[in-house]
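Reader: I am new to reading protein models. Could you take me through this one slowly, giving each term its cut-offs as we go?

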Amino acid sequence: MYWILSITFLLSINFNTQIVYAKTEQTSETDIYNDIDIYLQSCVENAHIPSMSVTIVDKDNVLFSQNYGNCENCDTPFLLGSVSKSFTAVCIMQLTEQGKIDLNANISTYLPNATDGDKITVSQLLNHTSGLGEHQTLRNYKIINEQGTHNYANVNYSLLGEIIEMVSGKSYNDYITENLFEPLQLSHTAATLSESMENGLIEGYTNYWGFYIKSNHKYPSSKNAWITVPAGYISSSANDLGKYLQMYLNDGNGIISKQSIDTMFYEDTVYVNDDVPYWYGYGWATVKEPLSEPVLRHSGLIETGTSCVFILPESDIAIAITTNVNDYFVTNSMMDELGWGVVLMLLGNTPNEITSNEYILSHIRIDLIMLAILTVAVLSICLIPKYVNRIKCIKKIPAVLFLILFHLLLPIYILMLVPIFFATPLWVAQAFVPDVFITVVVSSMLLFASGLIKSIILYKHMKKNKCLVL
C-alpha cells in the first residue's frame with residue numbers, strides 16, 4: 001500500500017499561487033505596457049494557453065488591449081465563470097436602490113417556497129455566509145454550514161437570480177440585458193447560449209493528461225444546474241469587460257450609486273483566512289497584504305475556460321483577462337500567476353515568472369501519478385493467468401484477505417481520493433478534471449473486475465479441492 005499512500009500525499013499538495021514580489025525601478029507608462037505585453041506573450045507560450053484576451057482601463061481610456069494565441073480580437077466573447085457573480089450583485093443593488101429588495105430581509109420575503117428561506121438573508125447570499133453547501137443546487141439546497149462564516153457556494157447566486165426574476169417580473173436575461181448590458185453598451189455580452197453564439201463565442205478546450213481537447217461548452221440546461229447563468233455563465237469580451245469595470249471606476253456611471261459600490265466592496269465583507277487572506281463582499285474579494293495597495297479581484301472557472309478581473313481603486317485602474325481553456329491543476333494555476341503578475345507590474349513590482357518547462361514538468365508529475373494508479377489496475381487483470389497457475393499453492397485465508405484488501409478496499413480508496421482530499425464529488429471531477437475522473441473510475445473498475453474473477457477462480461478451486469492448506 002506504500003505506493004498509494006505516496007500518491008495520496010502528492011495529490012494533496014496545494015497548487016495555489018502565493019503573491020510574492022520584489023520592488024523594481026520605476027518605468028514610464030509606455031514601457032510598463034510594453035513590458036506587460038512581453039510578459040504576457042511569454043506566459044501564454046509557456047502555459048500553452050490556446051487563446052487569451054486582455055484589457056486594462058482607467059476611468060476614461062483603454063490603456064492596454066491585446067489578444068494572444070488564436071483569439072482574433074478583443075470583441076470575441078468568452079464564458080466568464082464566477083466573474084458573472086459581480087454582474088448579478090450589481091442587479092441586486094439596482095433593485096435595492098429602487099426599494100424592491102431589502103438586503104437584510106429573509107429570502108422567503110421574495111421566494112416564499114425557499115428552503116430555510118426564513119433563516120437566510122439576501123446579504124448572506126451575496127457574501128456566501130448563508131450556510132448553504134458548496135455543491136448544492138436549487139434542487140437540494142439547505143443550510144449545512146455555520147451561518148456568518150464564508151462558504152463559497154454557487155447556489156447562493158442561483159438563488160439571487162431567482163430573486164431578481166421574482167422582484168422584477170422579468171427573466172434574468174431580460175432584466176440584466178435591459179438594465180446593465182444595454183446601458184453600458186456591452187454589445188458582445190450575453191446571458192444566454194444562443195446570444196453568446198451569435199456574438200461569436202470562442203471555442204473552448206479541456207485538458208486531458210496535458211493535451212488540450214476541443215470541448216463543447218457545458219452551458220446550463222436548467223435552473224437546477226450546479227453553476228447557473230447568474231452564478232457563472234455570462235459571456236463577455238475583453239472590450240466589454242473594460243467598459244463594465246469602468247462603471248466601478250466612475251462611481252457607478254448611472255447604473256448603481258457609489259454608495260452601492262462601497263457596500264459591494266467594503267461594507268458587508270467577511271474575512272477569509274486562505275493562503276492569501278482576503279475579504280469577500282458582494283461578488284468581489286479584496287486582497288490587502290502583502291500588496292502596496294488594496295486590490296479587488298474575482299476569478300472565474302467553467303469546464304472550458306477561465307477568467308479574472310481586478311480593480312486597483314487607489315490607482316483607478318482595472319484589468320480583465322479571459323482564456324478558453326480549463327486545465328485545473330496546471331494552466332489554471334498559471335492563469336492565477338499571470339493575472340497577479342500584471343497587477344504586480346502595475347504596482348511597480350516584479351511579476352510571477354512562468355518558466356518554459358513548468359507546464360511540461362507539472363503535467364509529467366501529475367500524469368505519472370495517474371499512470372501509476374492505472375498500471376496497478378491493468379496489471380491486476382493481466383496477471384490473472386498467473387493467479388490461475390499459482391492457485392494450487394495459495395493458502396485460503398491469505399488469499400481471501402488479499403482479495404478484500406487489494407480488490408475491494410483499494411478501489412474504494414481510489415474512488416474516494418477526490419472526495420476526501422479535494423472535498424469534491426466525483427461528478428464535479430468529471431466536469432472539471434475529466435482525466436483524473438477517467439483514471440480513478442477505470443482503475444477502480446478494473447480492480448473490482450479482476451477481484452471478482454479471482455474470487456470465482458478461488459471459489460471453484462476451493463470447491464474442487466478439499467486439501468487446501470489453511
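Author: A charge sits over a ring if NZ of Lys or CZ of Arg is within 6 Å of the ring centre and within 35 degrees of the ring normal. This is a predicted model, in which local features need pLDDT of at least 70 and side-chain atom pairs count only at pLDDT 80 or more, while totals for chains, interfaces and linings use all residues. Residues are numbered from 1 along each chain as its sequence is written, and side-chain values use heavy atoms, with hydrogens and water left out.

Reader: At what distance from the ring centre of Trp279 does Lys288 lie?
Author: By the rule just given, NZ of Lys must be within 6 Å of the ring centre. Lys288 lies over the face of Trp279, and its distance from the ring centre is 4.5 Å.

Reader: How far apart are the end C-alpha atoms of helix H9, and why does that agree with its 12 residues?
Author: Helices are DSSP runs of H or I with at least four residues, and strands are runs of E with at least two, numbered from the N terminus. The expected span is 1.5 Å times one less than the number of residues. For H9, residues 238–249, this gives 16 Å, which agrees with the separation of its end C-alpha atoms, 16 Å.

Reader: How many of the residues of H9 are buried?
Author: Buried means under 20% relative accessible area, exposed means over 50%, and partly exposed lies in between, using a 1.4 Å probe and protein chains only. Among the buried residues of H9 are Tyr244 and Tyr248. H9 is mostly covered, and of its 12 residues the number buried is 10.

Reader: Is the pair of Tyr248 and Trp284 stacked or edge-to-face?
Author: Rings of Phe, Tyr and Trp (its six-membered ring) pair if their centres lie within 6.5 Å, and planes under 30 degrees apart count as stacked, over 60 as edge-to-face and the rest as tilted. Tyr208 and Trp209, for instance, are tilted, with 6.1 Å between centres and 45 degrees between planes. The rings of Tyr248 and Trp284 have centres 5.4 Å apart and planes at 80 degrees, so this pair is edge-to-face.

Reader: Which residue in S5 stands opposite Asn207?
Author: Two strands pair if DSSP finds at least two bridges between them. Strand S4 (residues 204–208) is joined to S5 by 5 bridges, and the two run antiparallel. Opposite Asn207, the residue in S5 is Tyr212.
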